[in-house]
Amino acid sequence: MNQDKGSVFLMPCPVADKKISSLSREALDVLHGITHFIVERAKTARHFIKDAGHPVPLPELFIHEITDDNRANEAFLHSLLSGINIGVISEAGCPCIADPGSVLVLWAHKHGIRVVPLVGPSSILLALMASGMNGQNFAFNGYLSNKKPELSAQLKQLENKVNKSNQTQIWMETPYRNQFMIETCMLVLNNTTLLCIACDINCDTEDIQTQTVGEWKKTKTDHYHKRLCIYLMG
């Protein structure tokens, strides 16, 4: 690595709004020393940087929002070549995990730039830790289909993977489609299949429950509407 170049710091941010206490002292110290950021959403990043007590006023910071135009992203990343450090910030949790940013990191590797991942909360890993399901073999599947026939087929495929290899299957859903997701799970999955719904992770309203599908059918679930949920099957 060329020591004259800057480094890319993958900056974790809270998964629960404003919960700065979930971040390590190291992550906050690094954040406070950086003035250039490339972020998933500029508005959210500014709120986080301010809440984290950055010593530099927001108007004096350089914040670039990730765009589909890779040339614009790379033009901002070229600051690294002159020795400036850049922090990558996602909407919530850890950059590049269920969030954009991996293309930026790959660019850094290709240019011999040091990449530093910092410790922070990940809703996916926190949900897995609390689920009681297999943490030795698991897969994250992102978002599933929002169309019932396709979703039903995907859920059965995931269930087959669970049954064949005991591989925990993890996915996420937009808050306003939680009831659709839960109802489809109840319809297509076997009663003995384990389902974990991890809701509002790290918030005061956190609710993480693992039950068989048969047990979920007897459980009231309308309170999940418009709340952030991670789903796990095992």
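**Close-up views of a predicted model**

**View 1. Two faces of helix α3.** Arg-71 and Ala-75 are exposed on the other side of α3, where exposed means over 50% relative accessible area, buried under 20%, and partly exposed in between (1.4 Å probe, protein chains only). Helices (H or I, at least four residues) and strands (E, at least two) are DSSP runs, numbered from the N terminus. This is a predicted model, in which local features need pLDDT of at least 70, side-chain atom pairs count only at pLDDT 80 or more, and totals for chains, interfaces and linings use all residues. Residues are numbered from 1 along each chain as its sequence is written, and side-chain values use heavy atoms, with hydrogens and water left out.

Which residues of α3 (residues 70–77) are buried? They are Asn-73, Phe-76 and Leu-77. They lie on the same side of α3 because they cover an arc of only 100° around the axis. The arc is that of the directions from the helix axis to the C-beta atoms. An α-helix has 3.6 residues a turn, so residues three or four places apart point the same way.

**View 2. The cover and cap of α3.** The buried residues of α3 are covered by elements including β2 (36–39), β3 (62–65), β4 (86–89) and α4 (102–110). Asp-69 caps the N-terminal end of α3. One of its side-chain oxygens lies 3.1 Å from the backbone nitrogen of Arg-71.

**View 3. The largest pocket.** This pocket has a volume of about 800 Å³. A pocket is an open set of points on a 1 Å grid over the protein atoms alone, where a 1.4 Å probe fits, with protein on both sides within 12 Å along at least five of seven lines; lining residues have an atom within 4 Å of a point. The volume is the space filled by probe spheres set on the points. Of the 33 lining residues, Val-15, Glu-91, Ala-92, Gly-93 and Leu-228 are the closest to the centre. Two or more residues each come from α2 (42–51), α5 (123–131), β7 (168–173) and β10 (229–233). The largest share, four residues, comes from α2.

**View 4. Two loop residues with positive phi.** Neither is a glycine. Asn-166 has a phi of about 55°. Asn-166 is found in the loop between α6 (148–165) and β7. Its relative accessibility is 45%, so Asn-166 counts as partly exposed. Lys-226 has a phi of about 60°. The loop between α8 (213–216) and β10 holds Lys-226. At 61% relative accessibility, Lys-226 counts as exposed.

Note on methods
Contact means heavy atoms within 4.5 Å. A polar contact is a pair of N or O atoms within 3.5 Å; within protein, one must be able to donate a hydrogen and the other to accept it, and residues adjacent in sequence count only if both atoms are side-chain atoms.
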